Amino acid sequence: MNKHTLSSFLAATAMLFGSAAAQAEETITLKVGHFWPATAMSQKKVLEPWCDKIAAESGNRLKCQIFPGTQLGGTPGQLYQQVADGVADIVWTLPGYTGGRFPSMEVFDLPFLIRDAEGASRAAWEYAQRFGAKEFAAVKPLAFHVHDAGQIHNNTRPIEKPADFRGLKMRAPTRLTNRMLAELGATPVAMPAPQTPEAVSKGVVDGYVLPWEVIPTLKLHELTKYHSEMDPALPALYTTSFIVAMNKARYASLPDDLKKVIDANSGADFSASIGKAWDDSASAARQQAVEHGNRFNTIPADTATEWLALGERLADDWAKEMSAKGLPGEEMLDTARSLVKKYSK
């Protein structure tokens, strides 16, 4: 190799390694979409700390740009497809907003299944690894979780027994929650949570079911008279399953060390931490409704036989429905119940 050729080779090699080094040090900004307001607990207590953590562990090579309130366009029900298509790099949404598309995770929408969101969220992650891989193959799941106990809120009357639902139009988030309300005697109205304040204020619905954290976030305590809670000795009236998902191509494009940062901050522990954030939020959120002068009542455990029987019936019907679709319905239900029991406090 002559001197000129050697010099060219060394220059090219230097450029190659310099380019690789520059690429390795490049800051990668992840577009993170969700449907809550920017002030919501979900952004302030979960997404922002998570983004800060991956930034610190990546030496600030991974950063987030958060788009609350579906600022990337579309509706809450379209968030999953947005991350699958690469419109967003990461989203946080409900599988149940696209009813029937993700049947396996519906089990966590059944009434009277969970006792605390932290344990049930760890259960949801483990369950999804066994039964949800095919359904969520279009994305890279980072977390599966549930919110804390859903409660009953309306402007017509206190709810003390199932018959009190008769004649009420009630908002609910998912297919199974709508079915529960219909069985209780209400007219269910499916809609994402952000649409609820307008629906309540215009009388489109008489009430809604939601966990406490969401109430002040959407200022619903200012629009609601009555809050009916299940006895804490009982499992939650209902809950809803969520997914935090990443675009597969975006993840694949990351250098190996940054993939490790994402992997270290996803999975069972991340899922459980989101559930804990929901558990921890309930008391302060409820207090805002107390301070607003709203009325509260508790449905005692010793009068809940009819409620619990409804939960059992819906669970059995769901398992049969899944079996009719060619899925192992009874196994899925039994597994979810077993995992929830295993991880509950």
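Visitor: How many cavities of 30 Å³ or more does the count come to?

Guide: Start with the general idea. Rolling a probe the size of a water molecule over the atoms shows where empty space is left. The model here is predicted, and in it the count comes to two cavities of 30 Å³ or more.

Visitor: How much space lies in the largest cavity, and which residues lie nearest its centre?

Guide: The largest cavity holds about 100 Å³ of space. Its lining is made of 15 residues, and those nearest the centre are Leu94, His147, Ala193, Leu210 and Phe242. By class, the lining of the largest cavity has 12 nonpolar residues, two polar and one charged.

Visitor: What lines the second largest cavity?

Guide: About 40 Å³ of space lies in the second largest cavity. Its lining includes Pro95, Gly96, Thr98, Phe102 and Ser241. The lining of the second largest cavity divides into three nonpolar, four polar and two charged residues.

Visitor: Next, pockets. What volume does the largest pocket have?

Guide: A pocket is an open set of points, whereas a probe in a cavity cannot get out. The largest pocket here has a volume of about 390 Å³. It is lined by 20 residues, and Ala149, Gln151, Met230, Pro232 and Ala282 lie nearest its centre.

Visitor: Which elements give two or more residues to the lining of the largest pocket?

Guide: They are β5 (150–154), β9 (226–230) and α10 (268–291). Of the elements, α10 gives the most, with four residues. Sorted by class, the lining of the largest pocket has 10 nonpolar, four polar and six charged residues.

Visitor: Now the sheets. In what order do the strands of the five-stranded sheet stand?

Guide: The general idea is this. Strands of a sheet pair through backbone hydrogen bonds, either parallel or antiparallel. In this model, five strands form an open sheet in the order β2-β1-β3-β10-β4, with mixed pairing.

Visitor: Why is one side of β2 and of β4 left without a neighbour in the sheet?

Guide: β2 (62–67) and β4 (139–146) stand at the edges and have a single partner strand each, so one side of each has no neighbour in the sheet. Neighbouring strands of this sheet are turned by 20° against each other on average, direction ignored.

Visitor: In what sense do β1 and β3 pair, parallel or antiparallel?

Guide: β1 (residues 28–33) and β3 (residues 90–93) pair in the parallel sense, over two bridges. To find the place in the structure, look for Val32, which stands opposite Ile90 in β3.

Visitor: What is the strand order in the sheet of six strands?

Guide: That open sheet runs β7-β6-β8-β5-β9-β11, and its pairing is mixed. The edge strands, β7 (187–190) and β11 (295–299), each pair on one side only. On average, and ignoring direction, neighbouring strands of this sheet are turned by 30° against each other. The helix α10 packs on the sheet and touches β8 (207–211), β9 and β11; the direction of α10 makes about 135° with that of β11.

Visitor: How many bridges join β6 to β7?

Guide: Four bridges join β6 (residues 169–172) to β7, and the two strands run parallel. Lys169 stands opposite Thr187 in β7.

Methods:
Residues are numbered from 1 along each chain as its sequence is written. This is a predicted model: local features need pLDDT of at least 70, side-chain atom pairs count only at pLDDT 80 or more; totals for chains, interfaces and linings use all residues. Side-chain values use heavy atoms; hydrogens and water are left out. On a 1 Å grid over the protein atoms alone, a cavity is a set of points where a 1.4 Å probe fits but cannot get out, and a pocket is an open set with protein on both sides within 12 Å along at least five of seven lines; lining residues have an atom within 4 Å of a point. Grid points are joined across faces, edges and corners, and a volume is the space filled by probe spheres set on the points. Ala, Val, Leu, Ile, Met, Phe, Trp, Tyr, Cys and Pro count as nonpolar, Asp, Glu, Lys and Arg as charged, and the others, Gly among them, as polar. Two strands pair if DSSP finds at least two bridges between them. Axes are lines fitted to C-alpha atoms, for helices over the stretch in contact, and angles run from 0 to 180 degrees between N-to-C directions. Contact means heavy atoms within 4.5 Å.
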